[in-house]
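Here's a quick briefing to read alongside the model.

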Amino acid sequence: MEMLIDAESLRSQLGDPRLRVIDSTAFLRREFADGPYSVESGRESYNRAHIPGAVFADIPGELSEPDSPFRFTLPSPERFARVMGGLGVGPGVRVVAYAQQSPIWACRMWWLLRYFGFDDVRVLDGGLTAWRQESYELSSEEMTVEPQNFEACPRPELVATKHDVIAVTGGQVACLVNALTPQAFLGLGPGAYTRPGRIPGSVSVPAQSLLDVETWRFRSRDELVGELSELVDTDPTVPLIAYCGGGISATVDVFALLMLGRDDVVLYDGSLTEWSADPALPLEIG
């Protein structure tokens, strides 16, 4: 569980010049449950109140590929390096990522850094909710940091492409892990993507089932083991591919499985946004 840090431990480290705290928040706004959503930056609420010394990372904007037809697509190494360097992340720096509400965005920040070769990053357990519960100081100060030289070294083995997943549905042995809600897994109700349903052969591990949604903390290790034991104990030669709607919620599953020792889980970054947009690809409902 050393991939997590609690609010008290983080507070004790504030002021360390080697520490970079990153607010990674975005909000998915839906007019009705399970319907189409709009993406709202968390920058405005960050400006009102953030952990002292924290900088803001714009995942849907600056840290997604602008020329992709799909939201949240991995940015180029050059783009990622420029943005992270501008946020003060580089050699000798350690990062704590947090979100104002659900940790899906902090986990996405963790995953992006890991994908681009940066490992010294933790997620604040409970995020800003936990920080507020402790009545710790908040800041509205605009942060300026000294730019660093971030070297992006992509790890393509951490990503599954659409063609990788097509190979799985065509008979290649692998385990597809769907991180969406049970209702979305079954394809019930209004859909947020081009077509409802799940990729054939998927198992359901909702990201929220790994969290205490009252506190936004991860469940205890014993509870995670109980929830994920079948996946943790699968044959290590069988790939585990996590996906969701746009590659955000599934990073919670990747994070939790890595905490339990499965460091081989890959993310289908395009997820259902890409898959459902291709009418030739199958989806299961029910």
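**Sheet and pocket at a glance**

Strand β2 (residues 19-23) pairs with β5 in the parallel sense, over two bridges; strands (E, at least two residues) and helices (H or I, at least four) are DSSP runs numbered from the N terminus, and two strands pair if DSSP finds at least two bridges between them. Keep in mind that this is a predicted model, where local features need pLDDT of at least 70, side-chain atom pairs count only at pLDDT 80 or more, and totals for chains, interfaces and linings use all residues. Residues are numbered from 1 along each chain as its sequence is written, and side-chain values use heavy atoms, with hydrogens and water left out.

**The sheet**

- Five strands make an open sheet with parallel pairing, in the order β1-β7-β6-β2-β5.
- β1 (4-5) and β5 are the edge strands with a single partner strand each, so one side of each has no neighbour in the sheet.
- D23 has F56 in β5 as its bridge partner.

**The second largest pocket**

- This pocket holds about 190 Å³ of space. A pocket here is an open set of points on a 1 Å grid over the protein atoms alone, where a 1.4 Å probe fits, with protein on both sides within 12 Å along at least five of seven lines. The volume is the space filled by probe spheres set on the points, which are joined across faces, edges and corners.
- The lining (residues with an atom within 4 Å of a point) has 14 residues, and R43, Y46, V55, F56 and M143 are the closest to the pocket's centre.
- α2 gives the largest share of the lining, three residues.
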